[in-house]
Amino acid sequence: MSIVQQIVKQAAATFAGHSFDAAGFEKLTALVNQLKPSDVSMPSDPESALAKPSERAAPAGYMEILDHADFTCVIFLLRKGRAIPLHDHPGMHGLCKVLYGSVKITSYDPPETLKLSSSRFYKAKLRGTEAYSADDGCHFVRPTEKNLHTIEGVTNTAFFDILAPPYESYGPRGCTYYTEVPKDVKEEELAANGYTDVLQSDDMRLLMRSGQPVWFYTSVEEYRGEPVQV
């Protein structure tokens, strides 16, 4: 059984019926950490798998390996110097393994709505920026930790990604985009409502929903690896 097929089988067991099995997740992580570009028939440079610049090149592309009711399994392709903007993963577990190149991932814990009249502001704990390359293990997304992130391509990069349960086009698991707001914005209003932690703490950040940026879109690329099934 191929390593990709083993990963899919383990993901199906780990996330069955939108559940989460911690021991199964450890087994899944161990499998994903073994993954190599050749296992998914990736070209030597992820750039070559993306649409060419003359074809209005997208900042990123994705290859769908499996779209299952309990999880999704894809490969993202990210161009050097481009980024996947800050977004959330509501109630989801996820893992990301770089296959080629390197990325920087800046993560935040889930945001808390500020109880201000007519406010679009949220506060969230910044968890820092981490660098990942093909030599590193998985980056994790959890429902209560590092649930928001932005991913920057330091080089042309390909990374393997599993999310469970999947996003929904309509419903509570839609993808929401955010931007970080300077702390001095609405400072007087925040202080008056008791949110001094946002203003004074080094790791608290003020976020605002932004909608998907117009500059970010993805191209759908062909997955040329071995077909898999649950």
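This is a predicted model: local features need pLDDT of at least 70, side-chain atom pairs count only at pLDDT 80 or more; totals for chains, interfaces and linings use all residues.
Biologist: How many disulfides does the structure hold?

Modeller: A disulfide is a covalent bond between the sulfur atoms of two cysteines. The cut-off here is a pair of cysteine sulfur atoms within 2.5 Å, and the structure holds 0. Take Cys138: the closest cysteine sulfur, in Cys96, is 7.6 Å from its own, too far for a bond.

Biologist: Is Cys138 buried or exposed?

Modeller: Buried means under 20% relative accessible area, exposed over 50%, partly exposed in between (1.4 Å probe, protein chains only). Cys138 is buried at 9%, and Cys73 is buried at 1%.

Biologist: Which residues of α2 are buried?

Modeller: Helices are DSSP runs (H or I, at least four residues), strands are E runs of at least two, and both are numbered from the N terminus. In α2 (residues 22–32) the buried ones are Gly24, Phe25, Leu28, Thr29, Leu31 and Val32. They sit on the same side of α2, because they cover an arc of only 160° around the axis, taken from the directions from the helix axis to the C-beta atoms. Exposed Glu26 and Lys27 are on the face turned away from that buried side.

Biologist: What covers the buried residues of α2?

Modeller: The cover includes α1 (3–14), β4 (93–100), β8 (139–141) and β10, where contact means heavy atoms within 4.5 Å.

Definitions and conventions. Residues are numbered from 1 along each chain as its sequence is written. Side-chain values use heavy atoms; hydrogens and water are left out.
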